[in-house]
Each structure stands twice: as C-alpha cells, then as structure tokens.
Amino acid sequence: MTVAGRVRRESVRMQAAELFEQEVKPPEVARRLRVSLKSAYQWHQLWREGGVGALASRGPSGSRCRLSPRCLEKLAVYLEQGPAAHGWVEDQVWTAARVAMLIGRKFHVSYSVSGATRLMHRLGFSPQVPARRVAERDEQAVTAWKEATWAEVKVPGRPAGATSASRTRQASPAVRPEDAPGAGEAARRS
C-alpha cells in the first residue's frame, strides 16, 4: 500500500475514534464512515483497550526491504542500462528471474522471482516475458510457406447465404431454394 493510502486509512480510523469518544455505537460509525461493520467493531475494541494511539498506523506491512535505499538506486541504474550490459545478449528483456539473478550477483542478496517482480514494480519497472522462438527459425521460409502452402491447405469456411439463426425452426418455405426439400409446400400454400 502506498504512503498516501496508509494516511487516508489512518484518517478514517481517527474519525472513528472521535465518534467513539462521543459514545456513537460501532454500527453507526460503520454507516457514517462507510466502512464494514467488522472494521468498526475491531476499531472500537482497539480504542477501548488502547485509546486513540491503538488506531494509529503501524507503518508499511510485510517484511522490510532487504536492499538499502542506495542499493535500490543502483538497481534502478542497472535496469536502465538494459540486460545486454549485464550479460543477457540474446534479447533486450528484463524478466523477473533475470532481475532476481542480477540482485544476487550485484548485492549478494537472494530474492525470489515474485519478490523481484514486486521490487521492480516499486521502482517503476515491469518484468517482460520474452518471445519463445526457435533459434533456427527461418523467417523467409515461414513467409513463403504461409503464402504458398497454407493457401492450398486451408479449408474454406462456410459460404455466406440465407440461413436461419434459430436452432429449432428452419427458414420458412418461401425463402427455400426451389430444389430444396419442402420448397413445393410454399408454392401450394400461396
């Protein structure tokens, strides 16, 4: 959660504390502040046990980042340099696995792939998935095959024509071709 989001949530909890001090019951607090009834009751219990201070933000949740702010700045610079500058010359794609490996090499800190993804997002980067292509792929041969062979092999689709969209009722006899079964029925009725 962002710092602004934590501040906003703490502000709502402080408003709840003011209402509790005015002896407003938790269901009414939930309604006024547009929060869940469960949250209002939890906040009320915390407020009764520890006062307003018990509703204060405890800071960011989760584990502390294992890289210092200085290391995070360096990592951002490394990411800006691109993968080729760090040994990945086959493509210019930063995958989460590569970033985790880079962090291990440069900072001697182990990060999981998902942890590296979260760290990249925090720094304003996004991991990318490389296109999986065979190294021996011949683009000219693929293009020639698509133009020549595929055109011959491809089965033509169903021809456009007067068909019924109904699953239960066929087209009316009046619009059937003359040689279709039941076509004579339309002529006799008219």
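The model is a predicted one, in which local features need pLDDT of at least 70, side-chain atom pairs count only at pLDDT 80 or more, and totals for chains, interfaces and linings use all residues. Residues are numbered from 1 along each chain as its sequence is written, and side-chain values use heavy atoms, without hydrogens or water.

Select residues 69-81 for H4 and residues 96-107 for H5: the two pack at about 125°, with axes 11 Å apart. Angles run from 0 to 180 degrees between N-to-C directions, and axes are lines fitted to C-alpha atoms over the stretch in contact. The crossing of H4 past H5 is right-handed, the near helix being turned clockwise from the far one by less than a right angle.

Next, display the side chains at the contact (heavy atoms within 4.5 Å). H4 contributes Cys-71, Lys-74, Leu-75, Tyr-78 and Leu-79, and H5 contributes Val-99, Leu-102, Ile-103, Lys-106 and Phe-107. Eight of these residues are nonpolar, two are charged and none is polar; Tyr and Cys count as nonpolar here, and Lys as charged.

Finally, show the whole protein, with its eight helices and zero strands; helices are DSSP runs (H or I) of at least four residues, strands (E) of at least two. Of its 190 residues, 25% are buried, that is, under 20% relative accessible area with a 1.4 Å probe.

How values were computed: Buried means under 20% relative accessible area, exposed over 50%, partly exposed in between (1.4 Å probe, protein chains only).
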